[in-house]
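Student: I would like to go through the labels used for this model and see what each one rests on.
Tutor: Then ask about them one at a time.

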Amino acid sequence: MLIQKPAAIDPSEITPPELYARRREFLKTAALLSAAALLPPVARDAAAAADDDLKPTPYKDITAYNNFYEFGSGKEDPARYASSLKTRPWTVTVEGHCAKPGAYALEDILALQAPEERIYRLRCVEAWSMVVPWLGIPLHKVLAHFQPTASAQYVEFTTLLDPAQMPGQRTRLLDWPYVEGLRIDEAMHPLTLLATGLYGKELPNQNGAPLRLVTPWKYGFKSIKSIVKIRFTEQQPRTTWASGNPDEYGFYANVNPVVDHPRWSQKKERRIGDLFRRDTLPFNGYADQVAGLYAGMDLRRNF
Ligand code: MTE
């Protein structure tokens, strides 16, 4: 994600640095591929099906290759610098159209429901992807507790603003604080998660501790990190990327391979750790569950 416009280069053509470190895996994959080429077609299809699409990306990649501009725009910056973020005590302020606004201690939110594991694909607009075993509380369970009213059409989320803890906020990389939003039906959808951890452990700071959003059918930039405010609104929230660069990032941000980013195609993606690019699926593979939310909408215009 870049606000500045670098030379037009397809980001999926840039070999991620971790691939260089994967020579052994490359050799293993190459051996498997050549073995597969010797199989008859039916056996080859079965072999392909067995290649689990939801095999989790290694923990070290999920926690070392991040976007969290509050700690810099480099992929390694969050892992390097996010230890300065203090995640206890932590308060989430709830505002707007609901019966129970207020300041909630993190512990009050965590007490609402034990987090459950959900393995979701994460697809970034930069054309890389991962599979993440999240721990989280379904967002609708949390929002229901605040009793949104009929005027609550949208939910706005805000990240902590504290340049002392977040060195990126001392720069003008983005318009701080980071803000994201969902339509209320998207927020209440059972797939939407308020993540509290991954790989069975607490969320590392670089992944958005102590609470971050996960909306698996949308591009990763909707997954706002280190949330301190939840506001129920009547109007569509002004989200950070969409207001900073409306030609490139829309409010809906549904993974849609037929809508190109202005500077690159969104048709393919490279799963971190894979050698080859794969086709990007509409709604990131969750179309069966979520396409109905957008019935009648033109998703080329509402990107
Ligand atoms: N949240 C905040 N507060 N700041 C950010 O810069 N980056 C977004 C999203 N949430 C971002 C953020 C982007 S662009 C992506 S792709 C995902 O976080 C990356 O999540 P991950 O680092 O856990 O993979």
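Student: What makes the element that holds Asp279 a strand?
Tutor: Asp279 lies in β12, residues 278–279. Strands are DSSP runs of E with at least two residues, helices are runs of H or I with at least four, and both are numbered from the N terminus. This is a predicted model, in which local features need pLDDT of at least 70 and side-chain atom pairs count only at pLDDT 80 or more, while totals for chains, interfaces and linings use all residues. Residues are numbered from 1 along each chain as its sequence is written, and side-chain values use heavy atoms, leaving out hydrogens and water.

Student: Why is Asp279 called exposed?
Tutor: Its relative accessible area is 51%. Exposed means over 50%, buried under 20%, and partly exposed in between, with a 1.4 Å probe and protein chains only. Asp279 is therefore exposed.

Student: Which residues does Asp279 touch?
Tutor: Leaving aside residues up to four places away in sequence, Asp279 touches Lys267, Lys268 and Glu269; contact means heavy atoms within 4.5 Å. The C-alpha atoms of Asp279 and Glu269 are separated by 6.3 Å, with the two residues ten apart along the chain.

Student: What makes the pairing of Asp279 and Lys268 a polar contact?
Tutor: Their side chains are joined at 2.7 Å. A polar contact is a pair of N or O atoms within 3.5 Å; within protein, one must be able to donate a hydrogen and the other to accept it, and residues adjacent in sequence count only if both atoms are side-chain atoms. The 2.7 Å value is within that limit, so the label applies.
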